[in-house]
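Dear colleague,

I am handing over the structure below, together with some notes on what was found in it. Please read the notes with the coordinates open beside you.

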Amino acid sequence: MTALLEVVDVVKRFRGLTAVDSVSLSVEDGEIFAIIGPNGAGKTTLFNLIAGVYAPDEGEIRYAGARIDGQEPEQICAAGIARTFQIVKPFPDLSVRDNVAIGAMLRAPDMTAARAQGDEILRKLDLFDKSAQKAGSLTLPDRKRLEVARALATKPRIILLDEVMAGLRPTETDRMVGVLREINRHEKLTIVMIEHVMRAVMALADRVHVLHHGASIAEGAPQEVTKDARVIESYLGMKATH
Amino acid sequence: MKGALSFLTPRSTIALLVCCVALLIAPFIVDRYTLSIILLALLGTYLGQAWNILMGYCGLLSLGHALYLGLGAYASAILFVNYGVGPWLSVFVAMALAVGAAALLGWLGFRFRIEGVYFSLLTIAFAEIVRIGFDNWPFVGGAAGFFLPVNASLSHQWWNLRGGPLFFYYLALLMAAVSLVIAAVLRSSKLGYAFLAIREDPQAARALGVDINRTRFLALFISAAMTAVGGVYLAFWTNNLFPAQILETSKSIEIILAPIIGGLGTLMGPFVGAFLLVPLGSALTDGLRAIGLSAPGVKALVYGLILMAIIAATPNGIWPWLARKLGLEAREP
C-alpha cells in the first residue's frame with residue numbers, strides 16, 4: 001500500500017498559539033485512520049489544514065503525491081477529499097434530499113442524476129424516509145448522519161469525519177460503524193476520523209494517531225496505543241477522572 | 001428545460017395558464033388606467049425576479065439595483081438619441097455596462113470578503129456614486145434629465161420600441177414571462193442549487209466543492225444584466241430619465257419590496273408581491289384623495305403600515321402562505 005495522504009511537519013499558529021506543532025502522519029490508501037486526543041489538541045485545526053480552510057505556516061500536505069496545502073476548500077473537495085464539520089452545517093432551509101443532491105452535483109452531469117445518486121446515499125444512511133424534511137428540522141443524530149451523507153455524495157477518495165459519533169446512542173454508533181466499514185470495504189474509501197467515542201475507534205480504526213497540545217505523542221494499532229502510558233495520562237486517563 | 005417545470009402540479013399548471021390567459025386578454029377587457037397598473041405590476045414582477053435571483057437564491061442583499069436599471073436606461077437612451085442606435089442593439093451594450101459595474105462591485109466585495117450587510121452598503125455606495133455622477137454630468141443631461149423624442153412619425157416604429165400602450169403592455173408581459181422562465185430554469189439547475197447552498201451556508205458550500213466566488217459573480221451578472229434590460233424598457237416607455245428617479249435608492253427599495261412581500265427565494269413571490277403592491281399603491285392614492293386626505297406623507301404612512309401588517313401576518317412572504325391555502329405548493333422534483 002502507498003500513502004494517499006501525507007502530512008509532513010505541519011505547523012499552524014494562531015497569534016503565537018501553536019495549534020498544530022510539527023505534526024506528521026501518513027494515511028494509506030483504503031485505510032481507516034483515527035485521530036484522537038483531548039479537547040484543544042489541534043485535531044480540528046489539522047482537519048481544517050487538510051481541507052484547505054487554512055494554509056499551514058510550515059510543512060507540506062500531499063494527496064496522491066501532489067501538494068495540496070494552500071489550495072481552497074472547493075479545490076480540495078474536487079480533488080477527492082471530503083469533510084464533515086464537527087459543528088454540523090446543514091443547509092437548514094433546504095430539504096434533506098436537496099442537501100445531499102448539492103453534494104452529489106459536484107460530479108453528476110445534472111440535477112436529476114445528482115438527486116438519484118443522493119437518494120442512494122440517503123438509503124444507505126437510513127435517512128431516506130426523511131428526505132422531504134427540511135434539514136433544519138432534523139434531530140442532532142440525524143444531522144450528523146446528513147453531514148456524512150452530504151460528504152459521501154461528493155464521491156471522495158478520502159473522507160475526513162470530525163466527531164460524527166458524538167451524541168449518538170450506542171446502537172446508533174454501531175449502525176454508523178457498520179455503514180462506514182461497509183463503504184470503506186466496498187467502495188475502497190479511505191477514512192480519516194477524529195473521534196472521542198472509543199467504542200467506534202476500537203471497532204473501526206486500523207491505526208490511531210494521538211495528538212496532545214498540538215503535537216503527536218503516539219501512533220499505532222488501537223490496542224497498542226491505548227496501552228501507551230502517555231496516552232493514558234493525557235487523554236484516556238483524564239477521561240476516567242471525569 | 002423539462003426539469004425546470006417539474007415543480008408544477010396539474011393544479012398549479014391550470015392556475016398558471018389561467019393567469020397567462022387573463023393577462024393576455026386583459027387589454028380587451030379593462031380600461032386604460034387599469035391596464036397601466038397591470039403593466040407596472042408586470043414590470044415590477046420582472047425587476048423583482050432579477051433581484052430575487054441575487055438575494056432570494058444566492059443570499060446577496062443588493063440595495064442598489066437602481067444602478068443597473070439606470071445604466072441600462074441611460075445607455076440605450078443616449079445611444080438612440082445621440083448615435084441613432086436602436087434598442088435591440090443597445091440592449092446588449094446596456095447589459096454589458098451593468099455587468100461591468102457588477103464585476104467591479106463583485107471584485108471589491110468578494111475579493112476583500114465584504115460579507116452580509118457590508119456588502120449591501122457597498123451596493124448602495126455604488127448606486128449613489130453613479131447617481132451623483134449623472135446628476136452633474138452634462139453629457140447625460142445632469143439633474144435636468146435626458147429625454148427621448150416623442151413624435152408621431154416615430155410612434156409605430158416598434159423595432160425602435162416606439163409604440164402605443166398596447167405594445168408596451170405586451171412587451172412587459174413577455175418580459176415578466178421570460179423572467180419567470182429564467183428563474184425556473186436556474187432554480188432547477190446545478191447553478192441554482194449552488195446559489196441556494198451559498199445562501200444557506202457558504203462554508204459548507206465550499207466544502208462540497210462549490211466555487212463560491214465564481215457562483216456569486218454569476219448571480220450578480222445575471223441579476224444586473226436582467227435589471228439593465230428593464231432599464232432599457234423604462235427609458236423607451238417613459239421617454240424621460242432623471243438621476244433623482246431612476247438611480248435613486250428609493251428606486252432600489254421599490255424593486256425589492258415586491259419579492260420580499262411576495263416571498264423571498266420563491267418563483268412566484270415577485271409576481272404575487274408586485275400584483276399586490278402596485279394596485280395597493282394606486283388604490284391608496286385614489287382612496288385617500290377621495291376622502292380628502294391629501295396631506296404629504298399620509299400615503300407613505302398608510303402604505304408602510306399595511307406593509308408592516310402583511311409582513312407580520314406572513315413573515316415568509318405571501319406566496320408560501322397563499323400556495324398552501326390554494327393547494328398550489330410545488331412538487332418535489
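The notes that follow go from the contact between the chains to single residues.

This is a predicted model, in which local features need pLDDT of at least 70 and side-chain atom pairs count only at pLDDT 80 or more, while totals for chains, interfaces and linings use all residues. Residues are numbered from 1 along each chain as its sequence is written, and chains are lettered from A and ligands numbered from 1 in the order in which they are written.

Between the chains, 25 residues of chain A are in contact with 19 residues of chain B, two residues being in contact if their C-beta atoms, placed from the backbone, lie within 7 Å. On the chain A side, the elements that give two or more residues are α2 (73-79), α3 (96-104) and α4 (111-124), where helices (H or I, at least four residues) and strands (E, at least two) are DSSP runs, numbered from the N terminus. That side divides into 14 nonpolar, 3 polar and 8 charged residues, with Ala, Val, Leu, Ile, Met, Phe, Trp, Tyr, Cys and Pro counted as nonpolar, Asp, Glu, Lys and Arg as charged, and the others, Gly among them, as polar.

Helix α7 of chain B (residues 190-200) is largely enclosed by the rest of the structure, because 9 of its 11 residues are buried; a residue is buried if 20 or more other C-beta atoms lie within 10 Å of its own, exposed if 12 or fewer, and partly exposed in between. Among the buried residues of α7(B) are Tyr193(B), Phe195(B) and Arg199(B). The buried residues of this helix pack against α3 and α4 of chain A, together with α2 (32-57), α6 (165-187), α8 (202-207) and α9 (212-238) of chain B.

In chain A, Val11(A) lies in strand β1 (residues 3-14) and is partly exposed, with 16 other C-beta atoms within 10 Å. Leaving out residues up to four places away in sequence, Val11(A) touches several others, including Thr18(A), Val20(A), Pro56(A) and Gly59(A). Val11(A) and Ala215(A) are 204 residues apart in sequence, yet 9.5 Å apart in space, C-alpha to C-alpha.

Two residues may deserve a look at the backbone. Arg15(A), in the loop between β1 and β2 (17-28) of chain A, has a phi near 45°, a positive value in a residue other than glycine, and counts as exposed because it has 4 C-beta neighbours inside 10 Å. Asn239(B), in the loop between α9 and β2 (240-241) of chain B, has a positive phi of about 65° although it is not a glycine, and counts as partly exposed with 14 C-beta neighbours inside 10 Å.

With best wishes
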